[in-house]
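Have the sequence and the structure open side by side as you read.

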Amino acid sequence: MARAIPTTAAAALLAVVATTAMAQEYAGRDRLRAQSAEFRREVIQVASGVYVAVGYSASNVVLVQGDSGSIIVDTGTDSTAARAIVEAFGPRLRRPVRAIVYTHSHPDHTGGGRVFAGDDTPDVIAHETFVKATPEAGRGGREGGDQFGMALPVDQFINVGVQAEFGRVVPPTREGYLPPTRTFSGDESSLTIAGVYVQLLHTPGETPDTIAVWLPDARVLMPGDNVFRAFPNVAPIRGSRLRNPEAWVASLDRVIALKPEHVVPGHTRPVLGAAASGATLIVYRDGLKSIVEQTLTGIRKGERPDELVAHVTLPPALAANPFLQEFYGGVEWTVRGIYADQVGWFDGNATKLFPMPEKERATRLVTLIGGVARMVERGRAALAAKDFTWAAELADYVLVNDGAHVEARRLKAQALTELAERQVNAIARNYYLTTAQFLLKDLPAR
Ligand SMILES: [Zn+2]
């Protein structure tokens with residue numbers, strides 16, 4: 001006769017199975033948490049006379065010492081962050097600051113110039129396209145969502161994939177901003193500042209105005225946000241245009257050819273040593289290039305976005321690389337972004353030439369299923385079955401015509417929260433959770 005497993009042992013076994021299953025379910029969130037180690041505060045010496053302050057601001061700030069002063073590359077989010085960095089650099093920041101160089105125009109890199117300048121009068125250098133950079137159209141809390149998670153309670157916030165400022169992101173203030181005083185046009189510019197020979201290469205990527213700062217003597221490369229330890233954010237969900245992925249790949253080709261000894265990205269920790277630097281840049285280029293090529297090949301075959309995202313993935317040799325994890329940008333979003341950019345809004349299905357408005361479709365689907373109560377009931381069943389995206393979609397069919405429907409709001413908020421807790425992508429997590437918070441706001445307690 002087989003011996004029955006004692007009840008307590010069986011319970012213990014079940015608990016182990018449940019814990020393991022749960023650990024797998026939330027593996028994405030755990031990996032995102034681990035990514036926060038990339039932003040622990042530290043001033044890191046990269047090479048002789050080159051230091052980077054990581055984790056004091058949303059973005060990194062680099063100090064280059066010269067024989068008659070200093071160069072600052074990027075200035076952090078705002079004056080508060082910049083003051084903390086000046087203090088952290090301490091006497092390593094040799095006055096006067098002779099130049100401030102902006103790798104690109106994003107606010108997290110350009111908010112602290114006044115603090116670094118102090119009483120000095122540095123040249124403030126950028127590419128000429130920097131001053132032509134137009135504000136992006138989208139932004140705003142669409143549907144109550146926010147990729148930065150600025151309105152999230154601290155206990156729900158982990159990071160923003162490539163940044164975390166004091167545990168959470170704050171809206172940038174611009175009172176510390178210094179506009180460029182010197183710009184260059186064309187591909188590159190070479191100059192000597194405080195005795196340091198510097199080359200600036202126009203390398204469009206995350207922004208059209210991005211420049212890579214190259215120190216040929218120390219062989220240090222500062223590629224701005226064209227490289228960091230996360231998949232590139234080619235097609236941002238926050239409402240901005242596609243960031244030209246082909247130009248981005250070409251820019252990576254250009255910096256790979258420099259054979260840098262060290263790479264200091266605009267976010268996350270520096271890569272030290274020629275072997276690691278070369279390998280990282282190549283992996284980053286190859287990963288992005290592969291996604292672009294697979295997408296374009298599929299488009300040529302007539303594939304639609306849903307068909308493309310089903311098979312376009314990073315090649316196995318690259319998929320596990322720490323620099324290509326989807327903490328920030330996403331492969332699927334990149335594919336959809338390239339499709340929209342290359343092919344346009346229309347997916348080729350004649351039914352969708354003049355799509356039925358979503359309110360009309362929702363009304364008809366609610367009728368089809370037997371009413372609003374039935375739709376919500378189906379949504380709850382989907383939630384119970386851990387079919388979270390479907391649960392959120394069923395809630396949408398109610399909310400699109402009755403945004404105040406309490407049970408549908410609650411259902412969608414629960415579904416989004418579950419989706420968020422399973423995400424490795426910080427932007428997706430923050431957007432899900434901020435939308436959930438928006439949906440639950442002012443709802444009566446159960
Ligand atoms: Zn940045």
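Predicted model: local features only at pLDDT ≥ 70, side-chain atom pairs only at ≥ 80, totals over all residues.

**Salt bridge within a helix**

- Glu 360 pairs with Arg 364 in a salt bridge, with 2.8 Å between the closest N and O atoms.
- Both residues belong to helix 12 (residues 358-369), and because they are four residues apart, about one helical turn separates them.
- In general, an α-helix has 3.6 residues a turn, so residues three or four places apart point the same way.
- Arg 364 is partly exposed too, at a relative accessible area of 48%.

**Salt bridges between elements**

- Lys 412 and Asp 396 form a salt bridge through their side chains, at 2.8 Å from N to O.
- Lys 412 sits in helix 15 and Asp 396 in helix 14 (residues 388-399), so this bridge ties together parts that are 16 residues apart in sequence.
- Lys 412 is buried, with a relative accessible area of 12%, whereas Asp 396 is partly exposed at 31%.
- Arg 422 is in the loop between helix 15 (406-421) and helix 16 (426-440), while Glu 25 is in helix 1 (residues 7-25), so the pair ties together parts that are 397 residues apart in sequence.
- Arg 422 is partly exposed at 21% relative accessibility, and Glu 25 is partly exposed at 22%.
- Across the whole structure, the search finds 23 salt bridges.

**The zinc site**

- Which residues coordinate the zinc ion? The donors are Asp 108 (OD), His 109 (NE2), Asp 225 (OD) and His 267 (NE2), at 2.0 to 2.5 Å.
- Along the chain, the donors of the zinc ion follow the spacing D-H-x115-D-x41-H.
- The angles among the four donor atoms run from 85 to 167 degrees, and the site is irregular.
- Asp 108 and His 109 are both buried.

**A helix and what follows**

- Helix 8 (residues 274-300) has 27 residues, which at 1.5 Å a residue should span 39 Å; its end C-alpha atoms are 38 Å apart, which agrees.
- Gly 302 follows helix 8 and has a positive phi, near 90 degrees.

**Aromatic rings**

- The count of aromatic pairs comes to four.
- One of them joins Phe 228 and Tyr 328 edge-to-face, 5.7 Å from centre to centre and with 75 degrees between the planes.
- Phe 228 is in the loop between strand 11 (220-222) and helix 7 (245-256), and Tyr 328 is in the loop between helix 10 (316-319) and helix 11 (331-343), so the pair links parts of the chain 100 residues apart.
- Phe 228 and Tyr 328 are both buried.
- Trp 345 and Phe 346 form a tilted pair, because their ring centres are 5.5 Å apart and their planes are at 50 degrees.
- Trp 345 is exposed, at a relative accessible area of 66%, while Phe 346 is partly exposed at 25%.
- Tyr 102, Phe 130 and Tyr 177 are linked into a cluster by ring pairs.

**Charges over rings**

- Arg 29 places its charged end over the ring of Tyr 26, 4.5 Å from the ring's centre.
- Arg 92 lies over the face of Tyr 51, at 5.2 Å from the ring centre.

Conventions. Residues numbered from 1 in each chain as written. Heavy atoms only, no water. Donors = N, O, S within 2.8 Å, 3.2 Å for Na, K, Ca; no water. Tetrahedral: all angles 85-135°; square planar, octahedral: opposite > 155°, others 65-115°. Buried < 20%, exposed > 50% of the residue type's maximum accessible area, 1.4 Å probe, protein only. Salt bridge = Lys/Arg side-chain N within 4 Å of Asp/Glu carboxyl O. Helix = DSSP H or I, 4+ residues; strand = E, 2+ residues; numbered from the N terminus. Expected span 1.5 Å × (residues − 1). Phe/Tyr/Trp six-rings, centres within 6.5 Å; stacked < 30°, edge-to-face > 60°. Lys NZ or Arg CZ within 6 Å of the ring centre and 35° of its normal.
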